[in-house]
Amino acid sequence: MNIVVLVKQVPDTWAERKLNADDKTLDRASVDVVMNEIDEYAVEEALKIKEAGEGEVTILTMGPERAIETIRKALSMGADKAVHLVDDALKGSDAVQTSYAIAKVLETLEYDLLICGSEATDSRMAIMAALLSERTGKPQLSGARKVTVEGGNVKIERQTDNGYDVVEAATPAIVSVVEKINEPRYPSFKGIMAAKSKPLTTLTIADAGIDAAQVGLAAAPSQVVEFANKPPRQAGQIVKDEGDGGSKVAEYLASQKIV
Amino acid sequence: MAEILVLVDHVEGTPKKASYELLTLARSLGEPSAVVLGKGASAAAEKVGAYGAEKIYVSEAEELSAYLVAPKASVLAQLVADKSPAAVLIPSNAEGKEIAARLAVKTGSGLLTDAVGITPEFVAEQQIFGGAVAVQAKVATGTPIITVRPNSTAPSEQAGAGTVEQVTATFTDADKAARVVDSVVEAKGGRPDLGEASIVVSGGRGMGNAENFSIVEALADSLGAAVGASRAATDAGWYPHQNQVGQTGRTVSPQLYVAVGISGAIQHRAGMQTSKTIVAINKDPEAPIFELADFGLVGDLFTVVPQLTEEITKRKG
C-alpha cells in the first residue's frame, strides 16, 4: 500500500503569531516554525499501516524553502521520500487555491491512501480532506480516530460531537486523522541521519502543471480586507478561598446576572 | 431583497440553536431561505419558518444520510445554480465546514470559515490565532460561502412565509463514495452541545482522575452547561477526546466559561479565550488562567466546586 502524507509547516503555537501588515498574509518569516502538530499523527498512522504490510510513504508539502525542515522531520520519523511544491507564485494562496495546487501534484503520484491531519493550528479550517476529495473525486474519510485497512477497503471511526460514525470507502481514499488516533514516534538518531539521503523531489508550479493565474494572493477567491491585533484580555478580580470560595463565585455569577 | 441560503443543522428533525442564529443573521443580509436536508428534514422544516425563512428547500433523499458530506454539498450546489443566492451561510462545525469546502470548489466560489459576524456587504469578521487578531475578510470570486460560529448572533423569532419546496436531488458516483455504516453514541445525553452551549464548565489536570470529573459534571448540570476538558485531562483518558477544548480540540465562545483545575496553557487558551466571561478555580495563584479570568478563585477545587454547585442549586431554587 502506497501512502502520501500531506504535511504543513506552521508557526509555533507557543510563538507570537502575526499577519504581515503589508499584504495581510501569514507572517512565516519572523516566527519559529514547526510541523503542524496533528500532521505528526498523520505521519505516524501512515508508518503504522506501511509497517503492517508493504509499500512506500511519501511526504507531500507545499510551502516556502524553509518547509524543508518539516519535510526532514517527517523523513526522519521513517517516511521514504518527499515531494516539495515550492514557488513564489504560490504565496498568499488561500485554502481553496492550495487544494487546487496540491491536487495537481497528486495527479503525478500513485497512492492508495492520502493521509493528512484534521486541521492546521494556524488556519484551523479543517477542510483540506474535503477540498481534496472534491478535487480528485476520491472518497473523503475525515476526522478519523481509528483507521482500518482491509484489502481494497478502508474503514474509519469518524469522531462526532457525541461519539463516532463508522465510515467506509474503497481505496484510493483521502483520510484525515485527529490526535486521538495514535502516539507519534520521535525521530531516532539513525532516522535523522538516514533522512538526509532520502529522495526529495522539488517541484515548481510549472513542473506540476499548475496554472499561475489560479494561485497566489492576487487571484485568491477569499481576501483579507483588514485586521487588527486585539488587546490581550485583562485579568479581573482574584479572590483567595477563605472557606466561602464557592459562595464567592456564586455571588460573582449573580452580580453578572448569569445565575 | 436578495435570497440568502441558510443550511439548517438538525438532529433527526430538531434544528440546532446555531440554525436559528444563522436565520436571524441572514435576515440582516437579505431574504433567508432555509435548506433542510436528510432524515427528519420535513419535521425540521416546520420549525424554521418562525425564524424568518421565506422559502424552505427540503430533501429527504436517502443518500443525504447514507453517505458522508458530499451529497449535501451536491444539493446546495444545485440550489446555488438554480436560485443564484447572494450568499450561502452554513453552521461552522466539522461537517458544516466540509460541506462549505466542497460547495466552494463545485461553484468556483470563495470560502470564509468561522465567521463571528457578517456585514450587509458580506464582509465577515473572524477571530484568529486563538482570538488574538480580528480579521475582516470578503469573498472576491463567485457566491460568498460563509460558515458562522455558534453563539455569534442571538436568535430571535420573526415569522416568515415558510413556503416549502421539495428539491429533487441528483447524485454522482463520487457523492456516494464514503458510506456511513454505523453511528455510535458514547456521550451521556441531556447536556447541551459543547460547541453551542451558552455555559461551559471544563476540568483539567487538577481533577486528578476520571471519577472526579463528576464534580465538574454536577456543577455543569446545576448551570445547564456543557462539559469540557483540557488536553491534559483527555490525554490522561479522564474524559472523552471529543470534549477537549483548545488548540487541537474544540473552540468555544460561550457567555460563561468556568475553568476548573486548568492551568491555562496556551494550547487551552486558544480554544476558549473569546468567551464572554471567564471564571477560573485553581489552587495555584500563579496559574496563567488567572491572567485572563474575569473572576479568579484561588482555592481547592474539591471544596470550592461542590460549595458552588450547592449555592447555585439553592439560588435557582
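## A buried tyrosine in chain B

Tyr67(B) counts as buried because it has 23 C-beta neighbours inside 10 Å. A residue is called buried when 20 or more other C-beta atoms lie within 10 Å of its own, exposed when there are 12 or fewer, and partly exposed in between, with C-beta atoms placed from the backbone. The structure is a predicted model, in which local features need pLDDT of at least 70 and side-chain atom pairs count only at pLDDT 80 or more, while totals for chains, interfaces and linings use all residues. Residues are numbered from 1 along each chain as its sequence is written, and chains are lettered from A and ligands numbered from 1 in the order in which they are written.

Tyr67(B) sits in the loop between helix H3 (63–66) and helix H4 (70–83) of chain B. Helices (H or I, at least four residues) and strands (E, at least two) are DSSP runs, numbered from the N terminus. Leaving aside residues up to four places away in sequence, Tyr67(B) touches Asp175(B), Lys176(B), Ala178(B), Arg179(B) and Val180(B); contact requires C-beta atoms, placed from the backbone, within 7 Å of each other. Arg179(B) is 112 residues from Tyr67(B) along the chain, yet their C-alpha atoms are separated by 4.5 Å.

## Confidence

The average pLDDT of chain B is 95, and 99% of its residues score at least 70. pLDDT is the predictor's confidence in each residue, on a scale from 0 to 100. For the complex, the predictor gives an ipTM of 0.95 and a pTM of 0.94.

## Domains of chain B

Chain B has a domain 1 (3–176) and a domain 2 (199–316), with bounds that come from an automatic or database domain assignment. Their C-alpha centres lie 32 Å apart. Five residues of domain 1 of chain B are in contact with six residues of domain 2 of chain B. On the domain 1 side of this contact there are no nonpolar, four polar and one charged residues. In this classification Ala, Val, Leu, Ile, Met, Phe, Trp, Tyr, Cys and Pro are nonpolar, Asp, Glu, Lys and Arg are charged, and the others, Gly among them, are polar.

## Contact between the chains

Chain B contributes 77 residues to the contact and chain A contributes 64. Elements of chain B that each supply at least two residues to its side include helix H5 (94–107), strand E7 (111–118), strand E17 (295–298) and helix H9 (301–316). By class, the side of chain B that touches chain A has 42 nonpolar, 20 polar and 15 charged residues.

Strand pairing also crosses between the chains: strand E13 (residues 237–240) of chain A and E17(B) are parallel and share four bridges. Strands are taken to pair if DSSP finds at least two bridges between them. Gln237(A) lies opposite Phe295(B) in E17(B).

## Chain A

Chain A contains seven helices and 13 strands. Its C-alpha atoms fill a box of roughly 65 × 45 × 40 Å along the principal axes. Of its 259 residues, 49% count as buried. Among contacts with a separation of 6 or more, 71% are between residues 24 or more positions apart.

Strand E1 (residues 3–6) of chain A is covered on both faces, with Ile3(A) and Val5(A) buried on one side and Val4(A) and Leu6(A) buried on the other. E1(A) runs parallel to strand E6 (residues 113–117) of chain A, joined by four bridges, and Leu6(A) has Cys116(A) as its bridge partner there. Four bridges also join E1(A), again in parallel, to strand E4 (residues 57–62) of chain A, where Ile3(A) stands opposite Val57(A).

Helix H1 (residues 37–51) of chain A has 15 residues and spans 22 Å from its first C-alpha to its last, close to the expected 21 Å; the expected span is 1.5 Å times one less than the number of residues. Eleven of the 15 residues of H1(A) are buried, among them Asp39(A), Glu40(A), Glu44(A) and Glu45(A).

## Backbone details

The peptide bond from Thr171(A) to Pro172(A) is cis, with omega near -5°. Pro172(A) lies in the loop between strand E9 (163–170) and strand E10 (173–177) of chain A.

Which residues other than glycine have a positive phi? Lys257(A) is one of them, with phi near 60°; Asp114(B) is another, with phi of about 60°. Lys257(A) is in the segment after helix H7 (245–255) of chain A and counts as exposed because it has 6 C-beta neighbours inside 10 Å. Asp114(B) is in strand E7 of chain B and counts as buried because it has 22 C-beta neighbours inside 10 Å.

Technical notes. Two residues are in contact if their C-beta atoms, placed from the backbone, lie within 7 Å.
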